[in-house]
Amino acid sequence: MSEITRYNYFRLFLEKIPILLLIISVLNEFDFNYLNLKYFSFNFPFILIYYWSLKRSGSLGYGLIFLSGLINDAVVGLPIGISALAYLLICGFSAYLRNITLRPNLIKDWFFFGFTILVVNSIMYATVNLFFDIKILYPNVLVNILFTFLFYAIFSNIFDYYQKLTFGGTNA
Amino acid sequence: MQASSRDDFIIAIRSAFIKKENKQKFSLIALIILTLIILTLGKFNFKIVDYLKVSLKEVAYRSSFVVSIPENLVVKMYNSTKEHFFVYEENARLKEELNNQLSKNYNSEYIISENTRLKEVIDNINYTSDDVLAKVLIDKQSPFLKSIIVNKGSRDDIKLGMAAMDGEYLVGKVVDVSFSTSRVLLLSDLNSKIPVDIIPQNIQSILSGTGESHGTIQYTQEQIFIDEESKVFTSGAGEIFKPGIPIGELEENKDQANLKVKFFSDFSQLRFVILSNYKMEEN
């Protein structure tokens, strides 16, 4: 009996891993800057939010995504609300894709992700630049978008594997 | 046919943004509107949003410090391992540098005492400062913003615009103050602009951040030729900082139009900074 309860707790913990990853990634901002790779950066929360909103929308609540956006702004130093807006727009795009897709496949998801982050980043940085008068290095933003786009395929496979392991491959 | 596909598009959009989904407590559009309200009120510095910002920052900075501990340990190990590989080369270079500095020190001691004496003679202005030592909590320098969070805030008398120093060197200024934490905008940030003197030519200019690890000199007259290895100090113009705080030196350059400044301090290695509030005192 106690083993079953322990198993349930472990399963519950596994189900909460996307939430934990999101909170840790916005608080920690994995940047790999210490490797001194010039221009290298990618936006892990974008990948995480898009994937889990698309494949298992119940895993990450919109309220939690909104809150993590606010935390991200506080940590990075952007105007409060700008990342929350970006994250929620990503949720909207992925929910739209989920509604119109009958047979999901990685390539379609991947290219739609590319389109999504282009639009969302454009809105985000146009607002920061025009509304809040903060200067931004556009080459860095473009490289960030490119790496985020490329890394989606890798993380998507890792998350697929994790999903099969935890939920038995069923989409919610 | 066209009308049908447009209807499908509208239905999908409505379903994605407006309808509250299963297992979701909030609808997406409600949260987006809330975010837009926060952004707009934040732009116009509404009190409620300011309180929200301050409390959020207090929680986020402390939590971020705790969450970053494992990564910081890995980074520390990585850096110390890297340093071990270059320890012999570094030792030889430092010995040579120490010899040079010792000879310079004797000269500068004499110049400082002479300067103080002359200031007294011409009834000039002296500067005093209130210094606060602060620990760096977060140094996540994102590719877009170069800033650090320190563990001193308004309760420790930290004020906007205070200079942040790494030993004797200027590294940035305080741009945001919360109750127990503050944000220091580093000189390397694209939005940083500091009035400087270039010595020995004694040229006044503006040092601008580039978003990378170096700065750049702006607004000098085209005709003026600036030597390589000239030193950059704060000029004291605009009464932001006291004059003469060392910042960096000009890098070797053939293109006089693009003068790069190598900072004396390594911003990626900041553990503690001194926050200084300079006051002018007339003799």
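In the predicted model, 27% of the 283 residues of chain B count as buried. The secondary structure of chain B comprises 5 helices and 12 strands. Where contacts in this chain link residues at least 6 apart in sequence, 55% of them join residues that are at least 24 apart.

Part of the strand content of chain B is arranged as a closed barrel of 6 strands, which runs in the order β6-β7-β8-β11-β10-β9 with antiparallel pairing. On average, and with direction ignored, neighbouring strands of this sheet are turned by 40° against each other. For Ile198(B), the bridge partner in β9(B) is Val232(B).

In chain A, the packing of two helices was examined. Two packed helices are described by the angle between their axes and the distance between the axes. For helix α2 (residues 17-28) of chain A and helix α3 (residues 44-55) of chain A, the angle is about 160° and the axes lie 9 Å apart. Because angles over 145 degrees count as roughly antiparallel, α2(A) is roughly antiparallel to α3(A). The crossing in which α2(A) passes α3(A) is left-handed. On the side of α2(A), the residues involved are Pro18(A), Leu21(A), Leu22(A), Ser25(A) and Val26(A), and these meet Phe44(A), Pro45(A), Leu48(A) and Trp52(A) in α3(A). Divided by class, the residues in this contact of α2(A) with α3(A) are 8 nonpolar and 1 polar, with no charged residues.

The two chains also touch each other, in a contact to which chain B gives 43 residues and chain A gives 41 residues. On the side of chain B that touches chain A, the elements giving two or more residues are α1 (2-17), α2 (28-43), α3 (47-67) and α4 (69-85) of chain B. The element that gives the most to this side is α2(B), with 8 residues. By class, the residues on the side of chain B that touches chain A divide into 20 nonpolar, 14 polar and 9 charged.

How values were computed. Residues are numbered from 1 along each chain as its sequence is written. Chains are lettered from A and ligands numbered from 1 in the order in which they are written. This is a predicted model: local features need pLDDT of at least 70, side-chain atom pairs count only at pLDDT 80 or more; totals for chains, interfaces and linings use all residues. Helices (H or I, at least four residues) and strands (E, at least two) are DSSP runs, numbered from the N terminus. A residue is buried if 20 or more other C-beta atoms lie within 10 Å of its own, exposed if 12 or fewer, and partly exposed in between; C-beta atoms are placed from the backbone. Two residues are in contact if their C-beta atoms, placed from the backbone, lie within 7 Å. Axes are lines fitted to C-alpha atoms, for helices over the stretch in contact, and angles run from 0 to 180 degrees between N-to-C directions. Angles under 35 degrees count as roughly parallel, over 145 as roughly antiparallel, 65 to 115 as roughly perpendicular and the rest as oblique. A crossing is left-handed if the near helix is turned anticlockwise from the far one by less than a right angle, and right-handed if clockwise. Ala, Val, Leu, Ile, Met, Phe, Trp, Tyr, Cys and Pro count as nonpolar, Asp, Glu, Lys and Arg as charged, and the others, Gly among them, as polar. Two strands pair if DSSP finds at least two bridges between them.
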